[in-house]
Amino acid sequence: MSTLLEKHIVELLAERNEKAISLLYDNYGDTLYGVAHKVVRDDALAQDVLQESFIKIWKNADAYDSSKAKLFTWLFRITRNTAIDKLRSANTKSDKEIQIDVSDVYNLGVSTTRPEFLDIQENLEKIEPKYQIVLDALFFQGMTQQEASDELDIPLGTIKSRLKIGLRELRKIYDAPTLVLLILSMIS
Amino acid sequence: MKEKIHSFLASDLLEKYLLGETSTEEALRVERYIAMYPEVRKAYDELQENLEVFAKMHARKTPEGLKERILNRIRNERAGRRKFYRWAVAASIVAMVFAGSSYFFWNQNQELQQKNTLVNNKIKNLEEDMKVQLEDLRNQYIVLNNPNTKKYNVNGNRKAKDLKAVAYVNPVKKLSYINVSNLPQLPEDQCYQMWAEVNGELVNLGIIKQFEDKENLLALPYSDQNAVGYITIEPEGGNDAPSVENIVANINY
């Protein structure tokens, strides 16, 4: 995401301009929906989460401090926390309809692949599952390295090295297309 | 220093901060490290980049119509908030009017209470005055109607030839009064003052008002033994001690 667009959205948010939400949705909607889905593992719940997250983003726009976090980091935090809260309240409800298997949530590993998302997840397959698992634990499950080591029954040192390699692989994928994206966004 | 940064980076605190899972104190600590050490700043920025990339890999196509639903809710939220503000403004105006009128009424009540005390005090004073005057009148009546009352005619000396007064003394009731019926005119800066010497002690009986006191009986201190009353001419406002040279009348009773 170009920082120019980021700046523009942040300014619109500060002005309480609705266009900010529209732009946020167009640029981050799919990613945040993916984040929500990764946590709640349910289409309807993930949609609720996304809706509530955008309301929170809109209401708490003043709380965003660009010196403390990138825009995406802030959006991610809100969405992830909303999803975790949603999951908790959904789990405490006895409602059969939205009952979710808890073990599913903490089930580490590659997310369920559906044909329609194959193109988006194509990049993901470039990273070996063993690195993905560690990245997943770190970014989505919010585990500490020690917790990941305990949970996955992998020595802490291995977790650390896999994390390092995983992040490096990530950067390799990231660096190539970003350059193209940057150039494209500059032209447009 | 290097050691400190290294152990900080190894502690997972930065990762927890990235996901917004730190406590307030932890967050402050992390923010301090980020601000102080470029290495930590770099690590944090990298983590942020990685997070974005990793999250993007998990992107899912949002369902049709969700964007519209979200935008509608935000519009409603704003309308609701505007409505709320309108109500809030109305409510605060009502509250201010209420507070204002409360203060006004409280103030008025306070004033009325003060006035009430004042009026009550006046009534009490009047009552007391009336009692005193009634008592005085009763005494005057007793003195004037009592057969034991002796009557002395008092005439002025050559300084005030027209001065005429009558003193009433009743030894049974131990009361004495004087009525000054005529006083010669005095210049504006002078006045008549009455004194009495009772048992060798001088008593100031006050200024005689030329017109008002004509009709009145003025009380004189009573004494079993010889008592002397004087009327003197004094500067306006009266004097502390009689000016002996200005005695215009003597009353022996």
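B:D45 sits in chain B, within helix 4, which covers residues 38–57. This is a predicted model, so everything below describes a prediction.

B:I34 is 11 residues away along the chain, and the C-alpha atoms of B:D45 and B:I34 are 9.7 Å apart.

## Chain A: helices throughout

Chain A has nine helices and zero strands. Walk along its sequence and the pattern you get is α-α-α-α-α-α-α-α-α. Chain A has 188 residues, and 30% of them are buried.

## Helix 1 against helix 2 in chain A

Here's a helix pair to look at up close. Helix 1 of chain A (residues 3–14) packs on helix 2 of chain A at an angle of about 145°, and the two axes lie 8 Å apart. The crossing of helix 1 of chain A past helix 2 of chain A is left-handed.

Which residues meet there? Helix 1 of chain A brings A:L5, A:I9, A:L12 and A:L13, while helix 2 of chain A brings A:K19, A:A20, A:L23, A:L24 and A:N27. Sorted by class, this contact of helix 1 of chain A with helix 2 of chain A has seven nonpolar residues, one polar and one charged.

## The nonpolar cores

The largest nonpolar core has 54 residues, and the ones with the most contacts inside it are A:I21, A:A36, A:L75 and B:F54. Which element gives the most to this core? That's helix 2 of chain A (residues 19–40), with 11 residues.

## Where the chains touch

On to the interface: 31 residues of chain B are in contact with 43 residues of chain A. On the chain B side, helix 2 (13–18), helix 4 and helix 5 (66–145) each supply at least two residues. Helix 4 of chain B, the helix that holds B:D45, has the largest share of that side, 10 residues.

## A four-stranded sheet in chain B

Chain B has an open sheet of four strands in the order 1-2-3-6, with antiparallel pairing. Strand 1 (150–155) and strand 6 (218–220) of chain B are at the edges; each has a single partner strand, so one side of each is left without a neighbour in the sheet. Direction ignored, neighbouring strands of this sheet are turned by 25° against each other on average.

Now go across the sheet, pair by pair. Six bridges link strand 1 of chain B to strand 2 of chain B, with B:K150 partnered by B:V169 in strand 2. Strand 2 and strand 3 of chain B are joined by seven bridges, and B:A167 has B:I178 in strand 3 as its bridge partner. B:I178 also has a bridge partner in strand 6 of chain B, namely B:L218. Strand 3 (residues 175–182) and strand 6 of chain B run antiparallel, joined by three bridges.

## Cover and turns

Strand 2 of chain B is mostly covered, with five of its seven residues buried. Helix 5 of chain B lies across strand 2 (164–170) and strand 3 of chain B, and runs at about 85° to strand 3. The hairpin of strand 2 and strand 3 of chain B has four residues between the strands, and B:K174 there takes a positive phi near 55°.

There's another antiparallel pair in chain B: strand 4 (residues 190–198) and strand 5 (residues 201–208), over seven bridges. B:M194 stands opposite B:G206 in strand 5 of chain B. Two residues lie between the strands of this hairpin of strand 4 and strand 5 of chain B, where B:N199 takes a positive phi near 50°.

Notes. Residues numbered from 1 in each chain as written. Chains lettered and ligands numbered in written order. Predicted model: local features only at pLDDT ≥ 70, side-chain atom pairs only at ≥ 80, totals over all residues. Buried ≥ 20, exposed ≤ 12 C-beta atoms within 10 Å, placed from the backbone. Core = buried A, V, L, I, M, F, W, Y, C linked by C-beta atoms within 7 Å. Contact = placed C-beta atoms within 7 Å. Pairing = 2+ DSSP bridges. Axes fitted to C-alpha atoms, helices over the stretch in contact; angles between N-to-C directions. Left-handed = near helix turned anticlockwise from the far one by under 90°. Nonpolar A, V, L, I, M, F, W, Y, C, P; charged D, E, K, R; others polar.
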